[in-house]
Amino acid sequence: MELVTAPMTMALSLVLDGDCDLGLTAAQETDAHIESEAVAAFPGMVPVCAGGHPLAAPRDGTVGLTTVDLADHLQIVVADPAADAQAVSYAVFSQQTLRVSDLATKHALILAGAGWGHLPLWLVAADLGEGRLCEVPLAARNGLPGPLLPLYTIRRIDRVRGPAMESLCRLMIAHFGGQPQATSALP
């Protein structure tokens, strides 16, 4: 077995092109050539910045920051390399962006204070708890938590689901049980 990690919608491209037999993605794919099965849902993306970043400063009486408030602050985003998604941006609020290729780079840059951005709660829970990162209050959220982040398996419908893939899918579904997962329950 070989594990390939890829940002954004690349899982679908890799599966469609036949480069991967099975994909894991947060996107509910609707391509007619793909079978998609929900596996679990995790606490979603959290807007964060380093503890010393200007956006970490407490705000008096404001519900959250608007796009006007964020315009002068660099937002770090993961670029979607899929050709058909070049014009799509997910949760981009700032006019100034730095595009990176993966979550690890984005996480490291945000921790270093280079900018702010959305990261999965499972990745930043310890950083938030220990004060290395702070949640950025966004007016668009109106103080509400972000939605759960689903996890789907995807595969081409014209490919046979062999014993290894079948076992892996069964193990994931048995482990996660299709239920929302707490941050501490992640492997």
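**A guided tour of the predicted model**

The structure holds zero disulfides, a disulfide being a pair of cysteine sulfur atoms within 2.5 Å. This is a predicted model, in which local features need pLDDT of at least 70 and side-chain atom pairs count only at pLDDT 80 or more, while totals for chains, interfaces and linings use all residues. Residues are numbered from 1 along each chain as its sequence is written, and side-chain values use heavy atoms, with hydrogens and water left out.

**Cysteines**

Select Cys134 and Cys49. The sulfur of Cys134 has its closest cysteine sulfur in Cys49, at 5.5 Å, which is too far for a bond. Cys134 is partly exposed, with a relative accessible area of 24%, whereas Cys169 is buried at 1% relative accessibility. Here buried means under 20% relative accessible area, exposed over 50%, and partly exposed in between (1.4 Å probe, protein chains only).

**The whole chain**

Next, display the protein chain as a cartoon. The chain contains five helices and eight strands, taken as DSSP runs numbered from the N terminus (helices: H or I, at least four residues; strands: E, at least two). From the N terminus on, the order of elements is α-β-β-β-α-β-β-α-β-α-β-β-α. Of the 187 residues in the protein chain, 35% are buried.

Select β1 (23-25), β2 (34-43) and β8 (residues 148-156). These strands form an open sheet in the order β1-β8-β2, with antiparallel pairing; two strands pair if DSSP finds at least two bridges between them. β1 and β2 stand at the edges with a single partner strand each, so one side of each is left without a neighbour in the sheet. Between β1 and β8 there are three bridges, and Thr25 stands opposite Tyr152 in β8.

**The nonpolar core**

Finally, show the side chains of Val46, Val48, Ile76, Val78, Val100, Ile110, Leu119, Val124 and Leu133, the nine residues of the largest nonpolar core. The elements giving two or more residues to this core are β3 (45-50) and β4 (75-78). Such a core is a set of buried Ala, Val, Leu, Ile, Met, Phe, Trp, Tyr and Cys residues joined through side-chain atoms within 4.5 Å.

Centre the view on Val124. Leaving aside neighbours within four places in sequence, Val124 is in contact with Val48, His107, Leu119 and Leu133, contact meaning heavy atoms within 4.5 Å.
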